[in-house]
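The sequence and structure are shown first.

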Amino acid sequence: MKKAGLILVVLGAGLTIIILNKNSESDPHFLDEQFSQIEGFIPHRDSLNSKVSKVDVAWHLDHMLKTINVICKSLEVSNPEEYRSNFNFTRAVIYTLGDFPRGVAKSPRVVRPPDVIATEDLYRQLEMAKENLKAIQRLDAKAHFEHPYFDVLNKKQSIRFLKIHTGHHLKIVRDIVRK
């Protein structure tokens, strides 16, 4: 009986370490590969596959870039002294899995693309996103923003969210372009 209890404690500790590890991101170049993919998909901006998504590639690219830029700006203007650590079960599960289910969440208005998306705007937002990610590396660890589903995210959790969110939309874009 003691052996079983010890095994459960060790497994629980191991699972906790994995969850904590998967719930943050610290590499300053964590989106470099995704930025290259985004840029590579811009020429396919008008591709649409209604079996995969109701919107075209340009919508997904614009949304990814808006999300990165809005979150970075929110982190910059936050007051680290006001940050309070919190647990969110949904966030823990999604961060551990590293992906979202498709079609479940609705994007907040501030990160929804306009009706007309100019190609130049995609390139401009991409460069802005690269600069914004460099800027947030210098921010306090308790810089934060409030996510509509995951509560308040500190800098590392925000970076992890950006990686998961960007990867999620890039998978959709790949499926659209693949037809």
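Two residues are in contact here when heavy atoms of each lie within 4.5 Å. The model is predicted. The protein comprises six helices and two strands, and from the N terminus the order of these elements is α-α-α-α-α-β-β-α.

**Overall architecture**

- Of the 179 residues in the protein, 41% are buried.
- Among contacts between residues at least 6 apart in sequence, 83% join residues that are at least 24 apart.
- The protein exposes about 10600 Å², and carbon and sulfur atoms supply 57% of that area.

**Helix α2 and Glu39**

- Glu39 is located in helix α2, which covers residues 32–41.
- Glu39 counts as partly exposed because its relative accessibility is 35%, a value between the 20% and 50% cut-offs.
- Leaving out residues up to four places away in sequence, Glu39 touches Tyr123, Leu126 and Lys130.
- Glu39 and Tyr123 are 84 residues apart in sequence, yet their C-alpha atoms are 7.5 Å apart in space.

**Helix α3**

- Helix α3 runs over residues 57–77, and its 21 residues should span 30 Å at 1.5 Å a residue; the C-alpha atoms at its ends are 31 Å apart, which agrees with that expectation.
- Most of α3 is covered, with 16 of its 21 residues buried.
- The N-terminal end of α3 is capped by Asp56, which places a side-chain oxygen 3.3 Å from the backbone nitrogen of Ala58.

- Asn88 caps the N-terminal end of α4, with a side-chain oxygen 3.1 Å from the backbone nitrogen of Thr90.
- Within α4, the buried residues are Arg91, Ala92, Ile94 and Tyr95.
- Val93 also belongs to helix α4 (residues 89–97), but Val93 is partly exposed because its relative accessible area is 31%.
- Gly98 follows α4 and has a positive phi, near 80°.

**Helix α6 and Thr166**

- Thr166 lies in helix α6, which covers residues 155–178.
- Thr166 is buried, since its relative accessible area is 1%, under the 20% cut-off.
- A polar atom of the Thr166 side chain lies 2.7 Å from the backbone oxygen of Leu162.
- Apart from neighbours within four places in sequence, Thr166 is in contact with Leu31, Gln34, Ile38, Met64 and Ile68.

**Salt bridges**

- Side chains of opposite charge can pair when their charged atoms come close.
- The structure holds nine salt bridges.
- One of them links Asp46 with Arg45, whose closest N and O atoms are 3.1 Å apart.
- In that pair, Asp46 counts as exposed because its relative accessibility is 57%, whereas Arg45 counts as buried because its relative accessibility is 14%.
- Lys130, already named as a contact of Glu39, forms a salt bridge with Glu127 at an N to O distance of 3.5 Å.
- Lys130 and Glu127 are three residues apart in helix α5 (residues 119–136), so about one helical turn separates them.
- Lys130 is partly exposed at 26% relative accessibility, and Glu127 is partly exposed at 42%.
- Helix α5 also holds Glu131 and Lys134, three residues apart, which is about one turn of the helix.
- The side chains of Glu131 and Lys134 meet in a salt bridge with an N to O distance of 3.4 Å.
- Glu131 counts as partly exposed, with a relative accessibility of 45%.

Conventions
Residues are numbered from 1 along each chain as its sequence is written. This is a predicted model: local features need pLDDT of at least 70, side-chain atom pairs count only at pLDDT 80 or more; totals for chains, interfaces and linings use all residues. Side-chain values use heavy atoms; hydrogens and water are left out. Helices (H or I, at least four residues) and strands (E, at least two) are DSSP runs, numbered from the N terminus. The expected span of a helix is 1.5 Å times one less than its number of residues. Buried means under 20% relative accessible area, exposed over 50%, partly exposed in between (1.4 Å probe, protein chains only). A polar contact is a pair of N or O atoms within 3.5 Å; within protein, one must be able to donate a hydrogen and the other to accept it, and residues adjacent in sequence count only if both atoms are side-chain atoms. Accessible areas come from the Shrake-Rupley method with a 1.4 Å probe; for residues, only the protein chains shown count as cover. A salt bridge is a side-chain nitrogen of Lys or Arg within 4 Å of a carboxyl oxygen of Asp or Glu.
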